[in-house]
Amino acid sequence: MKRVVIIGGGISGLATAYSLREHQPKDVPLEITLLEKNDRLGGNIVTERSGDFIIEGGPDCFLSEKPWAMELCKRIGLGDGLLTTNETNKKTFVFSRGALRELPEGVILMVPTKILPLAFSSLISIGGKFRMAAEYFIPRKTDDSDETLSSFVIRRLGKEALDKIAEPLVAGVHAADPDTMSVRSSFPKFVSLEQEHGSLIRGMIKRMELLKKTHKPSQESAQKKTTMFITLKNGLSTLTSELQARLTASPYTNIKTNTAVASVAKKNGLYSLALKDGSGMEADSIIICSPAYVAAELLKGFDSELTEKLLTIPYVSTATISLGFKKADIKHPLNGFGFVVPKTEGRKIMAASWTSVKFKYRAPDDSVLIRCFVGGAKDADLVSLSDEEMLKMVRIELKETMGITAEPVITRIYRWFNSMPQYTVGHEGRIKLIEEKLLKHPGLYLTGSAYHGIGIPDSIRTAEITAKKALHHVSA
Ligand SMILES: Cc1cc2nc3c(=O)[nH]c(=O)nc-3n(C[C@H](O)[C@H](O)[C@H](O)COP(=O)(O)OP(=O)(O)OC[C@H]3O[C@@H](n4cnc5c(N)ncnc54)[C@H](O)[C@@H]3O)c2cc1C
């Protein structure tokens with residue numbers, strides 16, 4: 001029987017293991033062992049339930065445009081649990097010049113696609129609006145070198161679009177610094193819009209027209225209407241628990257928590273692993289699904305060049321702070337999904353989601369749930385504040401941005417140290433080098449959010465590709 005060992009039990013490790021089982025040829029008996037250092041599976045995905053509050057410690061949703069997470073949910077029987085966002089209140093706000101100002105309708109990430117909402121927006125100055133609109137006429141970049149998100153946005157849409165829209169949105173979502181972030185690896189769609197259409201605005205409008213023409217929704221698909229963000233009714237841990245349950249029930253599958261791997265080596269054509277408890281095991285194939293810097297550590301004595309390359313992928317730390325309040329205590333209308341905060345405002349929080357507005361079933365009927373983000377590329381030190389200091393700081397921020405002075409009825413803090421990989425300029429080239437080095441070690445694979453896409457859908461997509469490669473290797 002061939003043995004595959006997976007290191008790391010986050011969504012990448014679980015999706016890899018599940019995909020191995022889904023695609024395993026009948027004539028290739030396979031033993032799968034998944035090793036996770038913590039006492040629970042899920043990695044960054046953790047859902048906590050307290051009464052009728054459902055609190056996500058890490059990710060709270062995924063993009064529907066990238067279908068791999070939704071598809072996996074459907075394949076494992078969670079299709080009915082998929083939950084769309086509340087579409088009656090889907091505004092996003094930006095905290096700017098002391099007030100929450102609506103992100104103009106039609107701005108998709110940073111590209112304006114509707115004239116009137118932009119024209120009447122109080123967020124952007126008149127000069128800034130003309131500069132954004134001028135994007136339509138700015139010629140495309142002629143060389144294909146990578147560039148930072150800042151340089152891309154300033155070149156196409158102007159500095160104000162960067163400071164008030166692109167920077168806070170990417171800080172809120174990727175915890176990243178646009179001055180170092182690779183536009184090619186983080187937003188490949190924008191790069192191709194510029195290249196294909198000569199302008200982001202023109203490209204976006206054309207795509208929307210095409211979608212309208214080609215997509216005449218049938219009654220059935222209209223009923224099953226999806227939204228940009230999707231979650232699971234009982235929280236994202238439903239996904240990891242269901243994968244765990246299915247794997248546990250499948251023969252020759254061992255899932256071991258509280259089992260940290262210390263190093264990987266190769267002996268007599270087989271991979272051997274040393275575990276931190278002093279024991280070891282052998283495998284025909286190893287799939288490392290831990291953060292890149294952990295993979296670097298595991299491979300240190302085995303391939304120092306690979307280790308060196310893996311260490312070039314930087315990570316940042318973030319924390320999420322969820323606060324539940326009695327609805328009656330909140331004067332703010334909570335008329336949207338939440339707000340982001342530009343760096344130029346000098347505040348401590350990067351963003352706040354009005355979670356119980358964004359999704360149903362997140363708070364009791366008489367309560368609301370708000371989730372704040374701190375840390376990231378610009379304020380990593382804040383993640384280490386004590387619980388007391390963190391709550392005090394966040395409550396001051398909510399008071400000064402939303403006018404909330406009420407006592408929360410529930411609070412939860414989750415700290416994520418070195419958990420967000422950063423795709424800095426040149427990321428694509430670095431990953432190519434890593435993959436070239438890996439070719440020297442058939443049967444050894446790396447997958448996870450550090451390489452080909454930061455969010456859950458891409459982690460699942462790349463896990464499935466990796467599983468197929470490993471199956472090919474062990475079947476050969
Ligand atoms: C605060 C936060 C919010 C996010 N929000 C979103 C969102 O809303 N939507 C979205 O799509 N994505 C979001 N993301 C990104 C998303 O969480 C990741 O894409 C995804 O969870 C990555 O999964 P992974 O399995 O690759 O890594 P991880 O979840 O990091 O899993 C790696 C696993 O490896 C284990 N491990 C480490 N070292 C060892 C060792 N030596 N031996 C054994 N096991 C080891 C770890 O304990 C961990 O369980 C967010 C991330 C964070 C931190």
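**Entry 1: the ligand**

I started at Ser449, where a backbone N or O atom lies 3.4 Å from an oxygen atom of the ligand. I am working with a predicted model, so I read each distance as computed. Next I looked for side chains that reach the ligand's oxygens. Glu36 has a polar side-chain atom 2.6 Å from a ligand oxygen atom, and Ser459 has a polar side-chain atom 3.5 Å from a ligand oxygen atom.

How much of the ligand does the protein bury? Taken alone, the ligand exposes 1000 Å², and the protein buries 90% of that.

Then I asked which elements give two or more residues to the shell. I found helix H1 (11–23), strand E17 (315–326), strand E21 (410–421) and helix H17 (456–475).

I counted on around the ligand and got 34 surrounding residues. The closest are Ser12, Glu36, Cys61, Ile454 and Ile456. By class, the shell holds 14 nonpolar residues, 17 polar ones and three charged ones. I also checked the domains: domain 1 (2–41 + 238–313 + 425–475) and domain 3 (315–421) each supply at least three residues of the shell.

I moved on to strand E7 (92–96). Is E7 largely enclosed or largely open? Four of its five residues are buried, so the rest of the structure largely encloses E7.

I followed its pairings next. On one pairing, E7 runs parallel to strand E18 (residues 338–340), joined by three bridges. Phe93 stands opposite Phe339 of E18 there. E7 also pairs with E8, in the antiparallel sense and over four bridges. In that pairing I noted Val94 opposite Arg101 of E8.

The hairpin has two residues between the strands, and Arg97 takes a positive phi near 45 degrees in it. I marked this one down, as Arg97 is a residue other than glycine with a positive phi.

**Entry 2: a second hairpin, E14 and E15**

Strand E14 (residues 270–275) and E15 pair in the antiparallel sense over four bridges. Tyr271 stands opposite Ala283 in E15. Four residues lie between the strands of this hairpin, and Gly278 takes a positive phi near 95 degrees.

Which residues of E15 are on its covered face? I found Met281 and Ala283 there, while Gly280 and Glu282 make up the uncovered face of this strand, residues 280–283.

**Entry 3: two loop residues**

Tyr361 went on my list for its backbone: the phi is positive, about 65 degrees, although Tyr361 is not a glycine. I placed Tyr361 in the loop between helix H14 (355–358) and strand E20 (367–375). Is Tyr361 buried, exposed or partly exposed? Its relative accessibility is 38%, so Tyr361 counts as partly exposed.

My last stop was Glu147, in the loop between helix H4 (126–133) and helix H5 (149–157). Why do I call Glu147 buried? Its relative accessible area is 11%, and the cut-off for buried is under 20%.

Note on methods. Residues are numbered from 1 along each chain as its sequence is written. This is a predicted model: local features need pLDDT of at least 70, side-chain atom pairs count only at pLDDT 80 or more; totals for chains, interfaces and linings use all residues. Side-chain values use heavy atoms; hydrogens and water are left out. A residue is near a molecule or strand if one of its heavy atoms lies within 4 Å of it. A polar contact is a pair of N or O atoms within 3.5 Å; within protein, one must be able to donate a hydrogen and the other to accept it, and residues adjacent in sequence count only if both atoms are side-chain atoms. Accessible areas come from the Shrake-Rupley method with a 1.4 Å probe; for residues, only the protein chains shown count as cover. Ala, Val, Leu, Ile, Met, Phe, Trp, Tyr, Cys and Pro count as nonpolar, Asp, Glu, Lys and Arg as charged, and the others, Gly among them, as polar. Domain bounds come from an automatic or database domain assignment. Buried means under 20% relative accessible area, exposed over 50%, partly exposed in between (1.4 Å probe, protein chains only). Two strands pair if DSSP finds at least two bridges between them.
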